[in-house]
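Student: I would like to learn how to read charged pairs, helix packing and surface patches in a model of this kind. Could we go through them one at a time?

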Amino acid sequence: MNVHYKRKALAAAVSMIGFGAAQAAPIATLDRNGAWVSVEAYGPNVVHITIAADKAEALKGPGYGILPKNSDSSAFRHSSGNDGDSFASAALTLHVNPAPQPRVPTQMEKYFAPQLAPVGLQVRNAKGDLVLDMTGWDLSPQTVAGEKTYQASANFSAPADEHYYGMGQNQESAGPLDLRGRTLDCKHWYDAPAGETVCVPFMVSSKGYGIVWDNPSATRFIAGVNGRTAFQSNVGERVSFFVITGSTPEEIYSGYARVTGKTPIPPKAAFGLIQSKARYGSQQEILSVANTYRQKQYPLDIMVLDWFYWTRMGQLDIDPAQFPAPAAMNKELHDLGMQSIVSVWPRFETSGRYFNELDAKGFFLKDKDGKTVDGLPFRSDRAGALIDSTNPAARQWFWEHMRDNVMSQGFDYPWLDETEPDLVPDGFFYSIGSGDRYHNVFPLLHTEGVHQGMRAWKPNKRALILSRAAYLGSQRTGALFWSSDINPSWEALARQVPTGLNMTASGIAYWGNDIGGWQWLPQSTRATKQPLVDPRGAEETVGQNHDYPELLTRWFQYGTFLPTLRLHGDRKHAEIWAFGKHAESIMARYDRLRYQLIPYLYSQAKSTWDSGAPFMRPLWMDFPADPAVANIGTQYMFGPAFLVAPVTEQGQTEKDVYLPAGSDWYNFWTNEKLAGGRWVKVAAPIDQIPVFVRAGSILPLGSDIQSTASKQAIAEIRVYPGKDGEFTLYDDDGVSYDYEKGKATLAKLKWDNSAGKLAVTGDSELARKAPGITKVVAK
């Protein structure tokens with residue numbers, strides 16, 4: 001890498017990250033015998049700690065994804081003494097150990113001890129309990145992509161009773177949730193054997209704290225192995241991390257939102273059914289599918305146009321032979337009460353009309369000689385150069401051409417595919433520096449550039465982006481994330497459940513997957529059990545794969561209780577009716593149930609906007625006092641009411657489900673009431689998956705609608721007695737940003753269990769209707 005290119009990369013990094021004068025002054029910068037420790041805060045329960053051998057590195061601002069404007073140290077007081085330095089607020093105390101007294105190193109230390117001055121620190125919560133003990137840090141010299149740098153790492157003690165969650169998307173587990181005892185490669189990796197990995201380096205501990213690891217290079221996370229937990233990043237000149245404490249998940253995720261950004265409320269359509277396929281080959285086919293949904297009266301909100309509607313990769317056009325009138329197509333969808341999503345890729349083949357222009361501008365990923373990288377030799381899809389979205393000018397170019405050439409034809413929302421990106425940047429160079437140094441940052445910058453463009457283009461229409469990968473802060477871009485191109489198999493389905501729970505625990509609340517799996521569907525099966533779904537009528541789509549209609553049905557049931565419900569896949573057909581009458585009847589019923597749940601789901605979206613906490617989340621978040629839930633990744637809470645246990649085995653008609661202690665539970669299908677704190681065997685016939693409702697829950701159910709374009713009344717208020725409860729029902733126009741100004745309807749629903757009465761305040765019309773639509777559940 002030549003000197004000119006290095007200087008250009010550094011200048012771009014400084015301008016984009018906010019190094020230097022723009023960064024607020026830290027509370028203190030401490031000298032520990034040549035190890036510099038800088039401390040700042042982002043509110044009373046968040047401290048940012050930077051450690052470096054070079055003071056200038058310690059004083060640099062935080063990296064990508066972090067919002068330095070939210071730095072706020074006003075709640076902290078700093079005190080110094082012989083025992084070190086303490087930084088205390090009402091929420092936490094950080095203590096940095098004093099520098100050890102100089103001494104002559106032992107013979108062993110002369111050869112094997114680190115050369116860096118040691119740094120130790122501890123964090124205590126509001127109660128004074130020790131929650132984090134950093135025992136060491138290191139910068140190990142190495143050369144990466146021709147650049148002399150370091151592997152940057154930090155070590156923490158790992159108490160035997162501590163459990164670890166988050167760190168993005170990792171699909172290796174088929175059930176267990178706790179990361180303890182595992183070593184994860186936190187890096188974007190499309191080809192990961194179990195399914196794509198996505199690095200969101202935010203770890204949340206059962207001890208009531210989280211760590212945001214501030215380094216975008218490929219990072220190894222070691223979780224409680226041999227008594228230590230560690231972060232090891234491949235490239236860096238410092239150790240930088242945030243510690244967030246909280247007595248509840250909401251407190252921790254509120255701190256995370258201050259550090260990396262709030263999660264917007266998606267347009268209401270995002271909570272309805274989204275229909276996709278790889279791919280709809282013509283305008284006529286899309287409209288035929290949309291009209292069939294309406295004829296069958298199956299609710300649907302969004303139709304998706306996937307790849308190769310263009311004439312060439314990177315042409316940013318719409319093939320007139322397949323789609324002669326895209327604006328008219330979108331108008332017809334809108335007239336049906338539907339919206340549309342269109343896929344736009346970040347790759348440009350050499351024969352496309354924009355390649356030479358972008359190449360001349362330097363807007364592509366480059367090799368060490370400054371030449372554009374065109375595909376990768378070890379991948380089967382070798383065509384195309386990657387737009388360099390680390391370059392603000394390239395981001396702007398991409399958005400403007402995507403807007404003018406594609407989005408202007410009436411499409412509502414973009415699908416940004418390949419955001420990991422597929423063109424692996426290791427060994428190559430972005431405008432800001434090496435792809436090794438910035439391995440994980442592309443999805444944030446690429447998606448945020450489009451998000452900012454959409455807000456400027458249509459300032460009062462909520463942005464929605466379908467995105468395949470994420471990084472710190474990606475939740476603020478209005479994106480829905482999904483688990484990439486997974487297999488259409490029972491094993492892949494089982495892996496989705498713990499995968500999604502650790503992804504949402506990473507601060508990415510809106511996560512889902514391709515219902516049914518994306519990859520090509522084998523036309524035969526190895527299943528040995530009799531299918532629970534009659535496959536007759538599905539042969540055109542599944543061939544002799546007789547158990548696939550059962551798999552899809554179970555997957556759709558699971559998807560009904562995901563933040564987003566999107567049918568997709570590389571199949572001849574992908575719609576509800578394409579898999580036989582038996583599967584169709586069951587999925588149609590769950591489709592209607594999904595729409596009944598929209599008032600409940602939309603209210604959870606408001607809670608996530610307020611606190612940042614996910615509403616699909618592992619059991620440990622809501623039941624921290626129950627040690628039995630620490631490693632359960634096969635079931636989860638879906639909002640405050642539902643406990644969901646998806647069926648992930650072929651031929652399964654009953655399932656062992658754990659009901660957490662501290663509550664009674666109602667079977668959602670039978671209304672049977674069961675005590676918590678135990679495992680129960682639950683019937684799971686093919687038209688049911690185990691779903692329970694916590695006692696004290698208030699569940700508002702919406703009226704039947706065909707899409708969220710129609711106003712939805714509250715048709716029923718279902719109360720599950722056993723303890724007092726309350727629910728805040730939220731609604732707004734579902735499409736604009738007026739909710740950011742507080743323009744919305746809030747109704748407080750309170751259940752007095754001893755009196756057996758429900759009170760409704762804040763919405764006079766709902767209060768008037770409530771006595772007639774309230775149903776108190778009893779077996």
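Student: Which residues are linked in a network of salt bridges?

Tutor: Side chains of opposite charge can pair when their charged atoms come close. In this predicted model, such a network links Glu196, Asp417, Glu420, Asp422, Arg468 and Asp485.

Student: How many salt bridges does the structure hold?

Tutor: The structure holds 43 salt bridges, and among them is the one in which the side chains of aspartate 85 and arginine 32 meet, at 2.7 Å from N to O. Aspartate 85 belongs to strand 5 (residues 84-88) and arginine 32 to strand 1 (residues 28-32), so this pair ties together parts that are 53 residues apart in sequence.

Student: Are aspartate 85 and arginine 32 buried or exposed?

Tutor: Aspartate 85 is buried, and arginine 32 is buried as well. For another case, take arginine 238 and aspartate 214, whose side chains meet in a salt bridge at 3.6 Å, N to O. This pair links distant parts of the chain, 24 residues apart, with arginine 238 in the loop between strand 15 (228-233) and strand 16 (239-245), and aspartate 214 in the loop between strand 13 (209-213) and strand 14 (219-225). Both arginine 238 and aspartate 214 are buried.

Student: What about the side chains of aspartate 369 and lysine 368?

Tutor: The side chains of aspartate 369 and lysine 368 also meet in a salt bridge, at 3.5 Å from N to O, but here both residues are exposed.

Student: Turning to helices, at what angle do helix 5 and helix 6 pack?

Tutor: Angles under 35 degrees count as roughly parallel. Helix 5 (residues 283-296) and helix 6 (residues 326-335) pack at about 5°, with their axes 11 Å apart, and the two helices are therefore roughly parallel to each other. On the helix 5 side the contact is made by Gln283, Ile286, Leu287, Ala290 and Asn291, and on the helix 6 side by Pro326, Met329, Glu332 and Leu333.

Student: Finally, which residues form a nonpolar patch on the surface?

Tutor: The residues to look for are nonpolar side chains with over 30% relative accessible area. Here Met108, Tyr111 and Phe112 form such a patch on the surface, and together they have about 460 Å² of accessible area.

Student: Where does tyrosine 111 lie, and is that residue buried or exposed?

Tutor: Tyrosine 111 lies in helix 3, which spans residues 107-112. With a relative accessible area of 66%, tyrosine 111 is exposed, a label that applies over 50%.

Terms used. Residues are numbered from 1 along each chain as its sequence is written. This is a predicted model: local features need pLDDT of at least 70, side-chain atom pairs count only at pLDDT 80 or more; totals for chains, interfaces and linings use all residues. Side-chain values use heavy atoms; hydrogens and water are left out. Patches are made of residues with over 30% relative accessible area and no salt bridge: like charges are joined within 9 Å, nonpolar side chains (Val, Leu, Ile, Met, Phe, Trp, Tyr) within 5 Å. Accessible areas come from the Shrake-Rupley method with a 1.4 Å probe; for residues, only the protein chains shown count as cover. A salt bridge is a side-chain nitrogen of Lys or Arg within 4 Å of a carboxyl oxygen of Asp or Glu. Helices (H or I, at least four residues) and strands (E, at least two) are DSSP runs, numbered from the N terminus. Buried means under 20% relative accessible area, exposed over 50%, partly exposed in between (1.4 Å probe, protein chains only). Axes are lines fitted to C-alpha atoms, for helices over the stretch in contact, and angles run from 0 to 180 degrees between N-to-C directions. Angles under 35 degrees count as roughly parallel, over 145 as roughly antiparallel, 65 to 115 as roughly perpendicular and the rest as oblique. Contact means heavy atoms within 4.5 Å.
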